[in-house]
Amino acid sequence: MRPKIEVPSVSAALILTIALSGCSGGTDGDNGSTADLAGPATAEQLTIALDADTGPINLFAGASDQLVELVYDKLLSPSPYVDEPQPWLASEVRQLEPDVWEADLRTDVTWQDGEPFTPDDVVFSFQYMHNAPTGRYTHHVNDTPNVDDVVAVDEDTVRFECVDACPSLARVTLADLPIVAEHMWKDIDPAEAKTIQDLPIGTGPYQLTDYSPTEGYTFTANDEYFAGTPTVDQITMPVITDQSATFTALQSGEIDATTRTLSPELVDQFASSNTLDSLTTQALSFPEIKMNFLDGPLNESDFRLALSNAVNKEQMLDVVALGQGRAATQGYPHPDAPFANPDNSTPTDPDSSQQLLDDLGYVDTDEDGIREIDGEPIVLSTLVDSGLPQDVRAAELAKEDLAHVGIGLEIEGLDAASLEEKSAEKAYDLLIGEIGAHGVSDPDQFIMSHRSGYLWSPDEEWAEWDETYEEWLAQTTHEDRIEVMQDLQTVHNGAPTTVPLFYPEEHWAVSQNFGGWNESPGYGIVHKWSFLPEDVVEPAHTGAEKVITELTDSPENTDVTEPPASEDHQH
């Protein structure tokens, strides 16, 4: 047994009380708490601009987590992005065997149409996720982990049985998977789940009472919400796709907030406003350079490492993010994720990059500044969203960095839809994009990203990863899984298939019509935790209650059944 690696801690309580800083009415640079916000703790109505329309919150069809959780609830809260998820729809969770868990459920919860919430809804949700098309949530049931059976033990207890050991079930799956109403979904063929356009019914603090692709969303408070009466009666969410138009609307008072964070050059301007408040949160996301590891030369592990070492992470932070965040010298996943290896390292090291490329035999024979492979210059096609100035600047800097080590970049700007299509087809060498909290702060998704084609594909040989993954599968306790997962991070960062560019801070501007904004790790400020009473929000984020009882001494299981790889991947 290797020596234990200390698992870094993300204290959600600390994030709530310190990292969320308010700068009210022109106090640029001051740090404070949510108490510094000028607005009241309650409001009759708020208008919050969305940057995109994702349909009527069908959780099987790609709606954002933040919108989904206005309507739906999970068994534990707030997410897998904290150390110790707290009770929510479940009051207690117990691991009975390496592959068996039980959860005690609340008995005072009703659906938004008045029907009682029961264990049968939980059983149905897990079964339906098994049969529905692969998407954002389903891998937490049918792959990592593979939940084979869910049964109602009695009127307030549910038992989960996995195909193999599933020590992360409580901390990840139960803290991530929204529970749906059996009576709303039982007559819908799971194969058709993504096509449903009906307005959703959940147990959450808000009901979606109106939606149209042109007018946006209207949410009405659920006055019978089990966790407390929401602090805002109605939330209207128009869709404003243009970034400039969004911030113009915010400055003019047409909207109270937006799901867009301020671009770095706007931070000082908005912080000095006398009519808006500014907030800073710690993002659990980052921009990245994705590599197409299926094609040469990016299918060479040392070439990928050379590319990563060549990128000047400190300059990326200073120039693209104007220093607002941290340099991405700890690679993948996000260093604030509860499972991140504190020793992860992806330095800026152009000398090492040069040596790796020399050792591969990729040299500049014609002395034009670009190395060749079999006489062909190494010029990588690089796609970027032409509508995102930060990403375009990052691509330009990457081109300069890689030119210093003899690698050429050919940058092509595309609209967002075309970029998404090219990304899905892997029709690129490099692609500048951003990955959210689900991708870089969820431990099971770290595994899935290497099985779904995002960071790797199980169809491709990677001996060191495969061997360590098998060891990870054999572990039967949460602590041992994390230990091996940190080894997997070392493997990944030694032959990375993506280059994190920087770990950004998030800056927000909000009107002074409301001052109840709260940060939930990975979710920013536009989510249900900003619209619930503070005496509800704080306990859900402190990690103080020991709601999960898990096995701590269980032998390895080498007789495991590797699940089939997912064909879809959503962050």
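This is a predicted model: local features need pLDDT of at least 70, side-chain atom pairs count only at pLDDT 80 or more; totals for chains, interfaces and linings use all residues.

Colleague: What makes a residue part of the lining of the second largest cavity?

Modeller: A lining residue has an atom within 4 Å of a cavity point. Pro167, Ser168, Pro443, Asp444, Trp472, His478, Arg481, Ile482 and Met485 line this cavity. The largest share, 4 residues, comes from α17.

Colleague: How do the lining residues divide into nonpolar, polar and charged?

Modeller: There are 5 nonpolar, 2 polar and 2 charged. Asp and Arg count as charged, so Asp444 and Arg481 go in that group.

Colleague: What is the volume of the second largest cavity, and how many cavities does the search find?

Modeller: Its volume is about 60 Å³. The whole structure has 3 cavities of 30 Å³ or more.

Colleague: On to α12: what length is expected for the helix, and what does it reach?

Modeller: Helix α12 (residues 389-403) has 15 residues, and 21 Å is expected at 1.5 Å a residue. From first C-alpha to last, α12 reaches 21 Å, close to that value.

Colleague: Which residues of α12 are called buried?

Modeller: Buried means under 20% relative accessible area. In α12 the label goes to Asp391, Ala394, Ala395, Leu397, Ala398, Asp401 and Leu402. They cover an arc of only 165 degrees around the axis, so they sit on the same side of α12.

Colleague: And what covers them?

Modeller: Among the elements covering them are β14 (286-291), α9 (301-310) and β18 (379-385).

Technical notes. Residues are numbered from 1 along each chain as its sequence is written. Side-chain values use heavy atoms; hydrogens and water are left out. On a 1 Å grid over the protein atoms alone, a cavity is a set of points where a 1.4 Å probe fits but cannot get out, and a pocket is an open set with protein on both sides within 12 Å along at least five of seven lines; lining residues have an atom within 4 Å of a point. Grid points are joined across faces, edges and corners, and a volume is the space filled by probe spheres set on the points. Helices (H or I, at least four residues) and strands (E, at least two) are DSSP runs, numbered from the N terminus. The expected span of a helix is 1.5 Å times one less than its number of residues. Buried means under 20% relative accessible area, exposed over 50%, partly exposed in between (1.4 Å probe, protein chains only). The arc is that of the directions from the helix axis to the C-beta atoms. Contact means heavy atoms within 4.5 Å.
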